[in-house]
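Subject: Structure handover

Hello,

Here is the structure for you to look over. My notes follow below it.

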Amino acid sequence: MFELDDDNVAVVIGSGAGGGTMANQLAQNGIKVVCLEAGKRMAMSDIVNDDDVMFGKFTWLDERIGEAGALPDFPVWTCKTVGGSTMHWTAATPRLQAHEMQAKSTYGLIDGANLVDWPIRLEELSPYYAKAELMLGVTGTNGIPHLPGSNNYKVLEAGARNLGYKDIDTNNMAINQQPRDGRGGCLQLGFCSSGCATGAKWSTLYTEITSAEKTGNFELRSECMAVRLLADADNRVTGVQYLDATGTTRIQKARFVCVAGNAPETTRLLLNSRTDRFPEGLANSSGQVGRNYMRHVITALVGIMPGEVHFYKGAQVAGVVRDETRHDPGRGFHGGFQLHTVNFTPAFLANTMLPGKWGKEFTDVMEQYRNLAAVMIMGEDLPVPDSRITLHPQRKDQYGLPVTVVHYQHHSNNRAMINYAMDRARKMFESLGATRLFDLVDVFPATHNMGTARMGEDPATSVCDRWGRTHDIGNLYISDGSLFPTVGCENPTITIIALVLRQAEHILDKITHNEL
Amino acid sequence: MSAISRRRLITITANVISVAAVAGPYLPALALAQDNRTGTVPDDGVDAEALATLVHDLFPHEAIAAEVYTGIARMIIAQEQGAAGDLMLLQTGLRQLNEQAGGQEWRSLDASQRLQALNKIADTEFFKTVLPRSRALLYLRPEIWQLVGYGGNALQQGGYLTRGFDDIDWLN
Ligand SMILES: Cc1cc2nc3c(=O)[nH]c(=O)nc-3n(C[C@H](O)[C@H](O)[C@H](O)COP(=O)(O)OP(=O)(O)OC[C@H]3O[C@@H](n4cnc5c(N)ncnc54)[C@H](O)[C@@H]3O)c2cc1C
Ligand code: SF4
């Protein structure tokens, strides 16, 4: 549709939460957009309720290497498909809290943590959160009722009340209870993380992308992998080099570029786009690209309860306890954590819950699957400079690009938080008569990827400014979780979307004033 | 797909997030294994029945039929054939088991003797490979799902909205 040498188009890289949202905002406002997406486009009929089939269809399986605290073979779990990881996501959409965006001022100096305050405050982001919640149809906002509670939620709620917790509900969810805005209603299928067959769960594949297409200003190029950003001597991006579905190298010229590949891929693209002026990677004069990688503290507790739960039934994370999200160093750690529902298939549990065990002691537990309940802990992860995404010096992937290396170092704060949080979770389940409990710690690949191109006022210590524009390159924007200076304890996507809505407004304003 | 990347996929899927486990259509070797489930035993020099007994002893569910375990054994054989290109690991491992069986075939021992022998080889590469592999494959089987009470796909039936997602009755 658009010519490769049309230097008036905006190029958006990635079609997930960040890229899909940005592309639609621009297209709705008359800007021509080319969206490069490495993955294939699926039809709704491709979504089947089978985790393994879907894993083969849309998960990012190109090699990535994990080091230190990251899982070696599969350090991060993202999607490679139109819609990005909004196909996998479970659609919990809590906002950050004000103090979490002022982490340095609130927590003080912490050894080993590269803590900062965000360059913007919550009040500045709030209107965009509101806009995002309306756009996604988030339950518990805009007069949209909460989802009904599943059995697993009821277990969580009862246990939480026994411990005196009060702030408990079925979570703010980007899941329709009733059909809304072209999407179906939730049938409580329980397969949210494998693609939602009813479209009840918000995914850009069937919302932002299709809306953008209706404008006539938008061209999606799926199976097109961006391999390099091209820049001129004036520190401006001039275009994007990519490999199309046939493996042919193309260059799309660009007026400006928004990168939303999810932190590991956004980092890789910047690091691979070296120039004479930026020998360490484009927009990396600070040396901060790839550093301060955060992924949240994530563990789970599974309990054998005194009666049947059938926790696989129902929207997976529609249930939360917020009482521990506060900052209270008296608990022995900084930052807070959520307790939320989660469920697992027999296969997942078999492979993670009883490591090294076999024989009857193993099968006796598995045969009590009906009685299992589970809770997940999601806590704040502090920025550690050496938690870092880099390029492997030798290994190349099928595109000929260096393989991503994810080096994740636990800050000592993590262990203190995990010990406290798991103890609370155990007490919750014990108060209901759980007969056995199983810890799932250090078994999850990262589903949230943040921090590797942090925003800040100072170009020497941050990659992007308060709008998510790179300090070094005036027409290069980062539009994903890489921007987060700190991460709070909330799931990141609604914040990514709010930041992108704010960024889009800024870009449109610049265009109006002929400044971009 | 190269042998290395096939092995890598199997490792990812078997060891890391078994949501992934191994039965995806993207794994050619496995498609082969599934074809073999009801058909002939592959001509590979691996004692599939002994391997099936091993899978059973690792994960003994009384209500699960022997054929299910045999199916898993054949899939493992096909995976090894596809991934490593040879079956040395399995052949050697089963031989080691027989060596622990005091001159008999390990498979023909009684259950407690089999376990004793199995415990003696628990540190071998063979054991450490077969354990996670069989686990990842077995717990994807519909027979197991039925046994443990996992309903899986309920799309055709209209989901769990009207089929018990909120019917818990033992909480007060
Ligand atoms: C199982 C699971 C559950 C989750 N649950 C939640 C939840 O409940 N709540 C929440 O807030 N978050 C959740 N998340 C996280 C959420 O999915 C992400 O935060 C969100 O999708 C990130 O958006 P993004 O646009 O940055 O990246 P993505 O959505 O991952 O999109 C990036 C896209 O860019 C493409 N791409 C990458 N590099 C290139 C390139 N070089 N060229 C072309 N295309 C490229 C990728 O193929 C991909 O499609 C979950 C994630 C997973 C995996
Ligand atoms: S539980 Fe609801 S949101 Fe999740 S996959 Fe099913 S219909 Fe979609």
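A polar contact here is a pair of N or O atoms within 3.5 Å; within protein, one must be able to donate a hydrogen and the other to accept it, and residues adjacent in sequence count only if both atoms are side-chain atoms. This is a predicted model: local features need pLDDT of at least 70, side-chain atom pairs count only at pLDDT 80 or more, and totals for chains, interfaces and linings use all residues. Residues are numbered from 1 along each chain as its sequence is written, chains are lettered from A and ligands numbered from 1 in the order written, and side-chain values use heavy atoms, with hydrogens and water left out.

**Ligand 1**

Start with the polar contacts. An oxygen atom of ligand 1 sits 3.1 Å from a polar backbone atom of A91(A). For T90(A), a polar side-chain atom is 2.7 Å from an oxygen atom of the ligand. A nitrogen atom of ligand 1 lies 2.9 Å from a polar backbone atom of A38(A).

How much of ligand 1 does the protein bury? Alone, the ligand exposes 990 Å², and the protein buries 97% of that. Accessible areas come from the Shrake-Rupley method with a 1.4 Å probe; for residues, only the protein chains shown count as cover.

Three elements of chain A give two or more residues to the shell: helix 1 (17–28), strand 6 (225–231) and helix 11 (493–512). Helix 1 gives the most, with 3 residues. Helices (H or I, at least four residues) and strands (E, at least two) are DSSP runs, numbered from the N terminus.

In total, 37 residues surround the ligand (a heavy atom within 4 Å). The closest are G18(A), E37(A), S85(A), T90(A) and T493(A). The shell has 16 nonpolar, 17 polar and 4 charged residues. Ala, Val, Leu, Ile, Met, Phe, Trp, Tyr, Cys and Pro count as nonpolar, Asp, Glu, Lys and Arg as charged, and the others, Gly among them, as polar.

**Chain A and chain B**

56 residues of chain A contact 53 of chain B (heavy atoms within 4.5 Å). The two chains bury about 4,700 Å² between them, 67% of it on carbon and sulfur atoms. Buried area is the accessible area (1.4 Å probe) that two parts lose on being put together, summed over both.

The interface has 19 residue pairs in polar contact, both at pLDDT 80 or more. On the chain A side, helix 2 (51–58), helix 5 (151–162), helix 8 (346–352) and helix 9 (360–366) each supply at least two residues. Helix 8 gives the most, with 6 residues.

Best wishes
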